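This report goes through one structure, piece by piece. Look at the picture and then read on.

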Amino acid sequence: MTDTRTAPRADTARAGAVVLTDVVKRYGRGPGAVTALDGVSLSVEPGSFTCLLGASGCGKSTLLSLVAGLDDISGGAIEHVDQPVAMMFQESALFPWLTVLGNVEIALRVRGVGRAERRRRALELLETVRLSGFAHKRPHELSGGMRQRVALARALAQDASVLLMDEPFGALDAMTRDLLHDELERIWREQRLTVLFVTHNVREAVRLGDRVVLLSSRPGRVLNVYDVDLDRPRRIDSAPVATLAADITDALRAEVGRHAG
Amino acid sequence: MPAETVRSVADDTSRQLSGLDALEKTPITETRWGRFASRLWAGTWPKVLALVIVIGFWQLLFLSGWKDPWALPSPLMVWDELVAYVPTPGYWTAIAITMQRALTGFALSVLVGSVLGIAVARFKPLRAAIGSAITGLQTMPSIIWFPLAILLFQISESTIMFVVVLGAVPSIANGIISGIDYVPPAWKRVGAVLGMKGFQLYRHVIMPATLPSFVSGLKQGWAFAWRSLMAGELLVIIAGQGSIGALMQGAREFNDAPRVLTWIITVLVIGIIVDTAFKAADDRIRRAWGLHQD
């Protein structure tokens, strides 16, 4: 995928790790065509944590697929400083025929990393997500939260500076999600990652993000961008998080209400 | 925020996370051997009971005088034949000839079936052209091919091979095709995100993901190959090749019912052994993948 076709904008691409300019995504043709995204512009700072928030049908997952290059844009431009990008999904999608270690190693293997180095690096990454003791287990022997940590280690093995996360903790219980927020925050800081995080959970977005981007539904447009100026580490149940989350929830509800009848 | 606060928060999280991990682990209450033994027993006694019932019925049928003893021998007469015949070299040579045909035919079928399966799964026009024909072939009784096979290859090994391969290929191809069709999209998406393209995606995702379906295709393919082979050996008797089918036809011509029954039992036992091997392979995969709950 070549998205760096707009030469005059090269300077802005330097400024942001990912720059989206008037991104349009349409599915289908003619009168039956559905516009999923309609002119989304966004500049993601290197090293920042950006949460994309929206109700169903806002195309937030679509947006992530476009940034990852899994799908082609219908209009506008997406510029990357660094490619490829790493990505994580709601389902861990670990390969059941490989061990935990093998699942991390596969990402390195595809990149042509040699056997010994692969092993060393994969073990190091499992250490990072605190799963060293489970290297030789099979994915089905782990809990949902542990599987997502393996998926995170696999994404980190891609050695990309940008990490895209599509509702990665959506299927987890609150306790596990809470702890994984802490873990993700730590890894994001240590590895100086640029994170684009999609969620429909407002508090999760405020808990994690430097910025929360609120998207409208059908078609998806940027409704508002909230800067989250709260000290880290944050707690999801702290008062400042709750206050900002309430504001954003009101905006989100107003947007959802627009689609009634 | 002071550095030591950051560190202690991280330590806390680490400890809580390991606590949660430990709680997720299910305790193991039985040893591997204990589980194996109890499963062995649970699988064995119903089989033994069924065998006793079948032999009992057979004995009653024999005693009722429904058929003459030369046509329907008693279980004991067959047992005596079994004990006398099994140690002879002729018995084992026949098994060797038949098994060699079975394995050659099956190996050829796996090769042809795999290539065909991958080709049909990959190329849309090919699927449109022969996809449903493969399933159609699967429903054909293999014995229907023998008259044609004999015209093509006369009474020869090729005749038998032709029908065996024709019987097994559709199952094996279909196993691969449905396996490839049902690879979860999430796995393919991960492959794409990791940067796999073309052959790499096949090598690292699609082929391994197809394994369970491939194995059940192999199992079904074997069953068809084995049936076709038995039909073939009874119909196509090649001089000098004392296969199971040929010796069985010979025994019938001499009205040697105990020997016919000895061969029937032999074929049944071979079928069970091979089926057990396939089942073990299937179980292993299911267990490793976590598709199995016991």
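Within what distance do the axes of helix H4 and helix H7 of chain B come, and at roughly what angle do they cross? The axes of H4(B) (residues 89–122) and H7(B) come within 6 Å and cross at roughly 40°. Helices (H or I, at least four residues) and strands (E, at least two) are DSSP runs, numbered from the N terminus. Axes are lines fitted to C-alpha atoms, for helices over the stretch in contact, and angles run from 0 to 180 degrees between N-to-C directions.

This is a predicted model, in which local features need pLDDT of at least 70 and side-chain atom pairs count only at pLDDT 80 or more, while totals for chains, interfaces and linings use all residues. Residues are numbered from 1 along each chain as its sequence is written, and chains are lettered from A and ligands numbered from 1 in the order in which they are written.

**Helices and domains of chain B**

H4(B) and H7(B) are therefore oblique to each other. The classes of angle are roughly parallel (under 35 degrees), roughly antiparallel (over 145), roughly perpendicular (65 to 115) and oblique (the rest). H4(B) passes H7(B) in a right-handed crossing; a crossing is right-handed if the near helix is turned clockwise from the far one by less than a right angle, and left-handed if anticlockwise. The contact of H4(B) with H7(B) holds 19 nonpolar, 6 polar and 2 charged residues. In this count Ala, Val, Leu, Ile, Met, Phe, Trp, Tyr, Cys and Pro are nonpolar, Asp, Glu, Lys and Arg are charged, and the others, Gly among them, are polar.

H7(B), residues 157–181, also meets helix H9 of chain B, residues 198–235: their axes come within 7 Å and cross at roughly 160°. That makes H7(B) roughly antiparallel to H9(B). This crossing is right-handed, and the contact has 13 nonpolar, 14 polar and 2 charged residues.

Chain B is divided into domain 1 (1–66) and domain 2 (75–289), with bounds that come from an automatic or database domain assignment. Taken over C-alpha atoms, the centres of these two domains of chain B are 31 Å apart.

**The sheets of chain A**

Strands of a sheet pair through backbone hydrogen bonds, either parallel or antiparallel. Here two strands pair if DSSP finds at least two bridges between them.

| Strand pair | Bridges | Direction | A bridge pair |
|---|---|---|---|
| S1(A) and S4(A) (75–80) | 5 bridges | antiparallel | A:Val18 and A:His80 |

One open sheet of 3 strands has the order S2-S1-S4 in chain A, with antiparallel pairing. S2 and S4 of chain A stand at the edges, each with a single partner strand, so one side of each has no neighbour in the sheet. Neighbouring strands of this sheet are turned by 20° against each other on average, direction ignored. S1(A) and S2(A) form a hairpin with 6 residues between them, and A:Gly28 in the turn has a positive phi of about 80°. A:Leu20 stands opposite A:Ile78 in S4(A).

Another open sheet of chain A has 6 strands in the order S5-S6-S7-S3-S8-S9, with mixed pairing. Its edges are S5 (86–88) and S9 of chain A, each with a single partner strand, so one side of each is left without a neighbour in the sheet. Here neighbouring strands are turned by 15° against each other on average, direction ignored. H5(A) packs on this sheet, touching S5 and S6 of chain A, and its direction makes about 170° with that of S5(A).

**Loops of chain A**

Most residues other than glycine have a negative phi, and most peptide bonds are trans. The bond joining A:Arg218 and A:Pro219 is cis, with omega about -5°; A:Pro219 is in the loop between S8 (211–215) and S9 (222–227) of chain A. The peptide bond from A:Arg232 to A:Pro233 is also cis, with omega near -5°, and A:Pro233 lies in the loop between S9 and helix H8 (239–257) of chain A. A:Asp159, a residue other than glycine, has a positive phi near 55°. A:Asp159 is placed in the loop between H5 and S6 (162–166) of chain A.

**Where the chains meet**

The contact takes 29 residues from chain A and 27 residues from chain B; two residues are in contact if their C-beta atoms, placed from the backbone, lie within 7 Å. On the side of chain A that touches chain B, helices H3 (100–110), H5 (144–156) and H6 (174–190) of chain A each supply at least two residues. H6(A) gives the most, with 6 residues. This side of chain A divides into 16 nonpolar, 5 polar and 8 charged residues.
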